[in-house]
Amino acid sequence: MSSDYYETLEVNRNATDAEIKQAYRRLALKFHPSRNREAGSAERFSQLGEAYDVLSDLRKKATYDKFGEEGLKGGIPPEFGNTGAWSSKYIYHGNPQKTFRQFFGGDNPFADFYTNDAPLQFGGLQPGVVKTQDSAIERDLHLSLDDLFHGCTKKIKISRRVMNEDGYTSSIKDKILSIDVKPGWKEGTRIIFPKEGDQGPNSIPADIVFIVRQKSHPQFIRQLNDLIYKTQISLEMALTGFSMDVETLDGRLLSIRINDIVHPSYKKVVTGEGMPLSQDPAQRGNLVLTFDIQFPETLSTEGAQLIKQALNLKY
């Protein structure tokens, strides 16, 4: 019996491969014998299988488009075969269930629609069956203290699985994610890109989460919004006072005078010279100076006496 494969799939002759797949998916599910008991549905299901078998194959489709069903099934002259047409006589294998399973994959053609062994009900998804989101994908984002002080933009390339236009197959594609680092961000700050993980037909893509990890700095140690600067000084400097210069993260040179006697737990706080506050970068924490006092390894009797006299110590 002659038939028009395009009419069978309810598409026009200019239909794309994706449109042909979408049409077969919709109609095959509609007329599948397990869910459609109406008279003629089995025959319609078989016709759909044959139509899709031909139109989803480029060579068979090319022959059908040029020579019709007669040329497809009766064979065409061999000289036309080098144009990509199907030169052999086409015979459908006659098993629409095979076509159906090859299309959907696996032994459970309705896996996209239900997750238990209960019979498929009319109307698609069974009550209570919903897609679940994959677990978040976490990656460290290593940033320098300068990055966190000034702020910056980081471009990160990811590779992820993306569903193709047909809605059933997928491919790996690259994507660039842009992260605007704000001045004052702290270790552990989380940057979330919702649903940027692998795409799949039965799940919601995972969120991609970048977690800030601060690199060590040769000069400063960060404590919350404060910057700790440690320097070595001699015992003489600790006792008599001194001046020192500290270069800040924004390139300024601070000249700081220490007039106090410096003991091991002494700290000099310079207000407003620390890290920017992330909620208000115009505000800053403090610069905290700490000191490592270098004591002499030896001291002469005369030197010890002079120190005693200077300190007015009596034993």
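Predicted model: local features only at pLDDT ≥ 70, side-chain atom pairs only at ≥ 80, totals over all residues.
Biologist: What percentage of the residues count as buried?

Modeller: Buried means under 20% relative accessible area, exposed over 50%, and partly exposed in between (1.4 Å probe, protein chains only). Of the 315 residues of the protein, 37% count as buried.

Biologist: How many helices and strands does the secondary structure comprise?

Modeller: Helices (H or I, at least four residues) and strands (E, at least two) are DSSP runs, numbered from the N terminus. The protein has eight helices and 15 strands.

Biologist: How are two packed helices described?

Modeller: The description uses the angle between their axes and the distance between the axes. Axes are lines fitted to C-alpha atoms, for helices over the stretch in contact, and angles run from 0 to 180 degrees between N-to-C directions. Helix 3 (residues 41-55) packs with helix 4 (residues 58-74) at an angle of about 130°, and their axes are 10 Å apart. Angles under 35 degrees count as roughly parallel, over 145 as roughly antiparallel, 65 to 115 as roughly perpendicular and the rest as oblique. Helix 3 and helix 4 are therefore oblique to each other.

Biologist: Which residues make the contact of helix 3 with helix 4?

Modeller: Contact means heavy atoms within 4.5 Å. Helix 3 contributes Glu50, Asp53, Val54 and Leu55, and helix 4 contributes Lys60, Lys61, Tyr64, Leu72 and Lys73. Ala, Val, Leu, Ile, Met, Phe, Trp, Tyr, Cys and Pro count as nonpolar, Asp, Glu, Lys and Arg as charged, and the others, Gly among them, as polar. By class, this contact has four nonpolar, no polar and five charged residues.

Biologist: How many aromatic pairs does the count come to?

Modeller: Rings of Phe, Tyr and Trp (its six-membered ring) pair if their centres lie within 6.5 Å; planes under 30 degrees apart count as stacked, over 60 as edge-to-face and the rest as tilted. The count comes to 10 aromatic pairs. Among them, Tyr24 and Tyr52 are stacked, at 4.5 Å centre to centre with 20° between the planes. This pair links distant parts of the chain, with Tyr24 in helix 2 (residues 17-31) and Tyr52 in helix 3, 28 residues apart. Tyr24 counts as buried because its relative accessibility is 1%, and Tyr52 is buried at a relative accessible area of 10%.

Biologist: Is the pair of Phe242 and Phe291 stacked or edge-to-face?

Modeller: Phe242 and Phe291 form an edge-to-face pair, 5.8 Å centre to centre with 85° between the planes. Phe242 is in strand 10 (residues 242-247) and Phe291 in strand 15 (residues 287-294), 49 residues apart. Both Phe242 and Phe291 are buried.

Biologist: Is Pro264 buried or exposed?

Modeller: Pro264 counts as exposed because its relative accessibility is 70%. Pro264 is found in the loop between strand 11 (253-258) and strand 12 (267-270). Not counting residues up to four places away in sequence, Pro264 touches Phe291 and Ile293.

Technical notes
Residues numbered from 1 in each chain as written. Heavy atoms only, no water.
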